[in-house]
Amino acid sequence: MQPIISVSDLSKTYATGFHALKHINLSIRRGEIFALLGPNGAGKTTLISIICGIVKASAGKVVVDGHDIVADYRAARTLIGLVPQELTTDAFETVWATVSFSRGLFGRRANPAHIEKVLRDLSLWDKRNNKIITLSGGMKRRVLIAKALSHEPQVLFLDEPTAGVDVELRRDMWNLVRSLKSSGVTIILTTHYIDEAEEMADRIGVINGGEIMLVEEKHELMRKLGKKQLTLQLERALETIPSQLLPWKLEPSPDGTELTYTYDTQGERSSIIALLKDLNDSGIRFKDLQTTQSSLEDIFVSLVRKDQ
């Protein structure tokens with residue numbers, strides 16, 4: 001299937017000489033939720049801004065559903081909705097007026113039924129006649145989302161959409177994202193809440209220093225790069241690890257009552273069995289054990305640290 005967004009050899013260098021993006025190549029599949037992760041200053045917002053036509057690239061090409069964002073910018077831009085980080089909107093307009101106006105900016109005919117649906121989905125219907133200036137920060141964030149959805153885009157960019165908002169809005173936001181995905185909308189999000197990406201995304205991209213480090217199916221990424229830990233609670237505290245157990249690289253707890261074994265998620269069960277046998281042969285008994293698996297956040301942090 002042809003990707004809905006294709007980014008080819010994209011670079012951005014600002015007048016100061018700062019290289020914000022370096023030869024980015026990226027394909028976004030139609031109908032997927034794609035999470036773009038990276039530390040502050042990694043290039044996430046610059047990349048999104050170029051695709052959305054807000055920032056001009058220094059080199060490279062972006063195509064949205066067959067439309068070049070430069071040569072055919074009107075058609076490309078109409079396909080895209082953007083929820084920016086900044087809470088900037090028309091302070092003295094009503095919710096209804098500003099969302100309806102956003103639809104008109106894209107040449108869409110008035111459709112009160114669609115605007116009503118969007119406002120209801122975002123719990124804004126009761127605020128439709130309120131001026132933006134009277135709304136809380138969370139409600140203003142909802143208005144930004146409503147504006148982005150007003151013209152029925154096929155691609156929705158969410159740039160840190162839940163940063164600094166309440167738990168209720170985060171829940172509503174992700175329910176809406178699931179609904180949009182089921183209707184065929186492609187969603188690209190950046191987020192500092194990596195647990196959200198872990199729960200919501202189909203694929204993960206990691207960007208650092210203006211370069212794409214990897215793009216991977218979420219479950220495959222966690223399978224390939226994740227780690228598991230087996231923690232054994234010992235019957236008696238251990239002062240030193242016997243020499244025959246040193247190849248296992250076990251980590252004792254400060255008080256010697258636990259041993260932790262870290263292994264690759266692709267490791268075989270036979271290695272655990274062998275470890276337990278060696279422990280038994282060494283006279284070490286344990287009363288309980290538990291396993292934990294690294295989260296997407298653990299993987300992300302290790303990738304970024306490795307790149308520094």
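Q: How do you know that R120 and E116 lie about one turn of the helix apart?
A: R120 and E116 are four residues apart, and both sit in helix α4 (residues 112-121). A helix here is a DSSP run of H or I with at least four residues, a strand is a run of E with at least two, and both are numbered from the N terminus. This is a predicted model, where local features need pLDDT of at least 70, side-chain atom pairs count only at pLDDT 80 or more, and totals for chains, interfaces and linings use all residues. Residues are numbered from 1 along each chain as its sequence is written, and side-chain values use heavy atoms, with hydrogens and water left out.

Q: Why is the contact between R120 and E116 called a salt bridge?
A: The term needs a side-chain nitrogen of Lys or Arg within 4 Å of a carboxyl oxygen of Asp or Glu. For R120 and E116 the N to O distance is 2.9 Å, so the pair qualifies. The structure holds nine salt bridges.

Q: What makes R120 and E116 buried, partly exposed or exposed?
A: Buried means under 20% relative accessible area, exposed over 50%, and partly exposed in between (1.4 Å probe, protein chains only). R120 has 45% and E116 has 28%, so each counts as partly exposed.

Q: What does the salt bridge of R103 and E152 tie together?
A: The closest N and O atoms of R103 and E152 are 2.8 Å apart. R103 belongs to helix α3 (residues 95-105), and E152 to the loop between α5 (137-149) and β7 (155-159), so the pair ties parts that are 49 residues apart in sequence. R103 is buried at 6%, whereas E152 is partly exposed at 32%.

Q: What makes a residue part of the lining of the largest cavity, and how do the lining residues divide?
A: A lining residue has an atom within 4 Å of a point. Among those lining the largest cavity are I5, F34 and I188. Helix α1 gives the most, with three residues. The lining divides into eleven nonpolar residues, no polar and no charged. Nonpolar covers Ala, Val, Leu, Ile, Met, Phe, Trp, Tyr, Cys and Pro; charged covers Asp, Glu, Lys and Arg; the others, Gly among them, are polar.

Conventions: 1 Å grid on protein atoms, 1.4 Å probe; cavity = no way out; pocket = protein on both sides within 12 Å on 5 of 7 lines; lining within 4 Å.
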